[in-house]
Each structure stands twice: as structure tokens, then as C-alpha cells.
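Biologist: I'm new to this one. Can you walk me through the aromatic rings?
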Amino acid sequence: MKLVNDLNCCSKDAQDMLLTHLDCMRPAHAFLGTTNLDLSSLTERFQTRFQSVRLQPPENEALAAFLARRWGAPIGITRQIADGAKGNVRAALADLEMWMG
């Protein structure tokens, strides 16, 4: 599997080069691209090679439980962090890291 984050940052030339890579991929291999932006920044030819899956942010309580379970932080603190992050996992992780020192 190949993971490319922020695929929307690829220039049109880079998208064309990736098309060749995608055409040459062997069976049972996967290419996963992520973006937080509108897919319209990608060329239509490039977009049609992918299946779009929209992920929703986690509920605050689920995020708080994850932070508490994974890093052993008190649930009261992780609830405050999750409430402030409003579903943004990256922000919640950064806030927890700061809290943990």
C-alpha cells in the first residue's frame, strides 16, 4: 500500500505522473490518497481513478475515550481536550501532548 497525504497539493504534472504509477500497479496493491479540501482541485482525469470516501470527525466522547485509553490521560482532561478540538484529532493530539508535557 502507498499512502499520500494532502493529495490536493499535487501539481497537474505530478497528477499526470501518478496516473502512470497507478496504471502500472500490480494486483493486490493499493494507493490511498487523503485531502481535507474539495476534490475539484484535482483534475477530472485524476479524480476518476479513485473511489472517494468522506470520513466524518469522531464524536467528542469517542475522541476523549480514545485519548484516555491510548495515552492513559484522565478522562476529565481528555473530555476537555476533545470538546475544544471539536472533532479535530490532530488538534486534540497536540493539546494532549502539551498537557502531558
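Biologist: Which residues do ring pairs link into a cluster?
Modeller: F31, F46 and F50 are linked that way. Bear in mind that this is a predicted model, where local features need pLDDT of at least 70, side-chain atom pairs count only at pLDDT 80 or more, and totals for chains, interfaces and linings use all residues. Residues are numbered from 1 along each chain as its sequence is written, and side-chain values use heavy atoms, with hydrogens and water left out.
Biologist: How many aromatic pairs does the structure hold?
Modeller: Three. Rings of Phe, Tyr and Trp (its six-membered ring) pair if their centres lie within 6.5 Å; planes under 30 degrees apart are stacked, over 60 edge-to-face, and the rest tilted. F31 and F50 make a tilted pair, 5.6 Å centre to centre with 50 degrees between the planes.
Biologist: What does that pair tie together?
Modeller: Parts that are 19 residues apart in sequence, because F31 lies in strand 2 (residues 31-33) and F50 in the loop between helix 2 (44-47) and helix 3 (60-71). Helices (H or I, at least four residues) and strands (E, at least two) are DSSP runs, numbered from the N terminus.
Biologist: Is F31 buried or exposed?
Modeller: Buried, at 13% relative accessibility. Buried means under 20% relative accessible area, exposed over 50%, and partly exposed in between (1.4 Å probe, protein chains only). F50 is partly exposed at 24%.
Biologist: New topic: what sits over the ring of W71?
Modeller: The charged end of R70, 4.8 Å from the ring centre. That label needs NZ of Lys or CZ of Arg within 6 Å of the ring centre and within 35 degrees of the ring normal.
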